[in-house]
Amino acid sequence: MKILVIEDEEAIADALIHMLIKNKYLADACYDGESGLDNALTGIYDLIILDIMLPKINGLDVLKQIRNQHINCPVILLTAKDEISDKVTGLDYGADDYITKPFAIDELLARIRSIQRRMNNNITNENIIKFS
Ligand code: CA
């Protein structure tokens, strides 16, 4: 499972990458919306962790453009402030989950596992339909 972290606070991004690798994920970091979008559009990632407040292109616009380009991998939004409007907009733009900063790394890892289980269930369901 390959994860892209788009987060401009380098200390947070680097800590996330460190924890993800420690938990056997492959992970890359981008520190602004523009490079994050470029990387996301390669389509090689299984999951994207996306901060909303980003330089160059904000996270919600990154998300919108990712979905417009039919990149359908799960996206977890990081929201700095507990703002309902950002969460609603993010979910409407196609985010799968969000987590409010400051967050516990264990909670983020649990949310990643939850998304993984949903992805695996989808694959299983497709197989059942295909072979029934
Ligand atoms: Ca930020």
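1. Is Glu-9 buried, partly exposed or exposed? Glu-9 is partly exposed, because its relative accessible area is 40%, where buried means under 20% relative accessible area, exposed over 50%, and partly exposed in between, with a 1.4 Å probe and protein chains only. Glu-9 lies in the loop between S1 and H1, and its C-alpha atom is 9.8 Å from that of Met-53, although the two are 44 residues apart in sequence. Helices (H or I, at least four residues) and strands (E, at least two) are DSSP runs, numbered from the N terminus.

2. A word on the basis of these points. The model is predicted, so local features need pLDDT of at least 70 and side-chain atom pairs count only at pLDDT 80 or more, while totals for chains, interfaces and linings use all residues. Residues are numbered from 1 along each chain as its sequence is written, and side-chain values use heavy atoms, with hydrogens and water left out.

3. The calcium ion is coordinated by the OD atoms of Asp-8 and Asp-51 and by the O atom of Met-53, at 2.1 to 2.3 Å. Donors are N, O and S atoms within 2.8 Å of the metal (3.2 Å for Na, K and Ca), and because water is not among the atoms, sites may look incomplete. Along the chain, the donors of the calcium ion follow the spacing D-x42-D-x1-M. Asp-51 is buried, with a relative accessible area of 1%, whereas Met-53 counts as partly exposed at 46% relative accessibility.

4. Val-5 has its place in strand S1, which covers residues 2-6, and counts as buried because its relative accessibility is 0%. With neighbours within four places in sequence left aside, Val-5 is in contact (heavy atoms within 4.5 Å) with Ala-13, Leu-16, Ile-17, Leu-20, Asp-28, Ala-29, Cys-30 and Ile-49. Leu-16, one of these residues, is eleven residues from Val-5 along the chain, and their C-alpha atoms are separated by 7.8 Å.

5. Ala-27 is placed in strand S2 and is likewise buried, with a relative accessible area of 13%. Apart from neighbours within four places in sequence, the contacts of Ala-27 are Ile-3, Ile-17, Leu-20 and Ile-21. A further pair to look at is Ala-27 and Ile-49, which are 22 residues apart along the chain and have their C-alpha atoms separated by 10 Å.

6. Helix H2 (residues 33-40) packs with helix H3 (residues 59-68) at an angle of about 20°, and their axes are 10 Å apart. Axes here are lines fitted to C-alpha atoms, for helices over the stretch in contact, and angles run from 0 to 180 degrees between N-to-C directions. H2 and H3 are therefore roughly parallel to each other, since angles under 35 degrees count as roughly parallel, over 145 as roughly antiparallel, 65 to 115 as roughly perpendicular and the rest as oblique. On the H2 side Gly-33, Leu-37 and Ala-40 meet Val-62, Gln-65 and Ile-66 of H3. By class, this contact of H2 with H3 has four nonpolar, two polar and no charged residues, where Ala, Val, Leu, Ile, Met, Phe, Trp, Tyr, Cys and Pro count as nonpolar, Asp, Glu, Lys and Arg as charged, and the others, Gly among them, as polar.

7. Most residues other than glycine have a negative phi, and most peptide bonds are trans. Lys-24, in the loop between helix H1 (10-22) and strand S2 (26-30), has a positive phi near 70°, and at 75% relative accessibility Lys-24 counts as exposed. Lys-56, in the loop between strand S3 (47-51) and H3, has a positive phi of about 75° although it is not a glycine, and is exposed, with a relative accessible area of 63%. The peptide bond from Lys-101 to Pro-102 is cis, with omega near 0°, and Pro-102 is found in the loop between strand S5 (97-100) and helix H5 (105-131).
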